[in-house]
Amino acid sequence: MQTPDTLIEVKNLKKYFPAAPGFLTKSSKLMVHAVDDISFNINKGETLGLAGESGCGKSTLGKTCIGLYEPTEGSVYFEKRNIFELKKKQMQKLRPKIQLIFQDPYSSLNPRLTVRTIVGEALSFHGLAKKEEANDLIAKTLEKVGLDPKHMNRYPHEFSGGQRQRIAIARALILNPLFVVADEPTSALDVSIQAAILNLMKDLQEEQKLTYLFISHDMSTVRFISNRVGIMYMGKLVELGPTEELFLNPQHPYTKALIEAIPVPDPDIEMKPAVIKGDVPTPVNPPPGCRFYKRCQEATPNCRKADPKLIDIGGKHFVSCYKVTND
């Protein structure tokens with residue numbers, strides 16, 4: 001449900017891809033359920049963290065939220081307008097307000113372009129600044145992200161991994177967006193550099209009143225930067241709540257397992273053995289029931305029958321689990 005503070009509203013969003021015929025199947029009618037009936041809101045100035053194992057659909061959800069993928073079903077409202085109902089010119093006007101920071105700073109930057117061109121390309125495309133004004137904006141934006149404007153004529157290969165990610169952040173922020181999807185922005189970086197990038201993103205959020213959808217498989221990183229956290233498993237949102245509430249009081253068995261697997265930087269503390277057994281089932285035409293029940297030690301017969309609904313258990317803490325909701 002939207003409130004006056006809501007910037008993004010995702011309603012019953014689905015994104016399916018056709019499964020390519022191969023040795024497992026000869027049919028081309030099977031569908032990969034990458035995102036399967038997900039709903040949530042993001043408020044202005046908030047960071048919603050999205051966590052889960054690799055392949056659970058986090059990146060697909062993020063890219064669909066900003067219109068890079070057409071949904072199979074469902075809606076995404078930005079400032080109360082369904083972005084999938086906008087005409088081409090309307091969407092082009094909206095684009096500067098919605099930006100994406102890619103995962104890999106090495107492949108997301110064109111090695112043949114200078115930093116000046118990479119960061120300023122969007123200004124030229126949208127006709128938002130002339131040459132002299134654009135140069136000033138590029139210099140100021142590079143300063144904001146901790147880079148020397150004197151280096152804007154250099155090429156990406158002349159920078160370190162952390163500096164490249166700062167360039168990618170500058171490219172996203174130069175249009176003064178309202179909403180930024182950060183897709184695993186620190187996963188390709190060393191731990192010390194990760195901390196610097198996360199602190200930079202928090203500072204920029206406060207300065208520019210940004211709203212983030214922060215996607216990561218690193219639970220510690222998600223906890224550090226997020227106001228609320230959503231946990232995804234096989235295309236489904238299984239738990240959603242305020243960050244500290246979710247980490248201190250996890251309810252879904254999958255969330256509990258992810259939190260227990262967070263490394264503790266103390267050699268005297270013995271790590272618990274992994275509690276999730278078995279492999280992730282195929283997302284191709286999944287059967288009815290909870291997606292996690294085959295790997296869940298707390299599964300009941302109800303878990304096989306139908307998908308549990310995401311239910312508020314109090315304090316804006318939502319859980320999709322029959323055992324928790326007593327259905």
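Predicted model: local features only at pLDDT ≥ 70, side-chain atom pairs only at ≥ 80, totals over all residues.
**View 1. Helix α9 and its cover.** Six of the eight residues of α9 are buried, so this helix is largely enclosed by the rest of the structure. The buried residues are P253, Y254, T255, A257, L258 and I259. Their cover includes two helices, α7 (219-225) and α8 (243-248). It also includes the strands β9 (228-233) and β10 (236-242).

**View 2. The β9-β10 hairpin.** β9 and β10 form a hairpin, with two residues between them. Pairing is antiparallel and runs over six bridges. I231 has E239 of β10 as its bridge partner. In the turn, M234 has a positive phi of about 50°.

**View 3. Strand β10 and its pairing with β12.** β10 is mostly covered, with six of its seven residues buried. β10 also pairs with strand β12 (residues 318-319), in the antiparallel sense over two bridges. Here E239 has V319 of β12 as its bridge partner. E239 is also the bridge partner of I231.

**View 4. K144 in helix α4.** K144 lies in α4, which spans residues 131-144. K144 is partly exposed, at a relative accessible area of 39%. Leaving aside residues up to four places away in sequence, K144 touches L200, L204, E207 and Q208. L13 is 131 residues apart from K144 along the chain, and their C-alpha atoms are separated by 35 Å.

Technical notes. Residues numbered from 1 in each chain as written. Heavy atoms only, no water. Helix = DSSP H or I, 4+ residues; strand = E, 2+ residues; numbered from the N terminus. Buried < 20%, exposed > 50% of the residue type's maximum accessible area, 1.4 Å probe, protein only. Contact = heavy atoms within 4.5 Å. Pairing = 2+ DSSP bridges.
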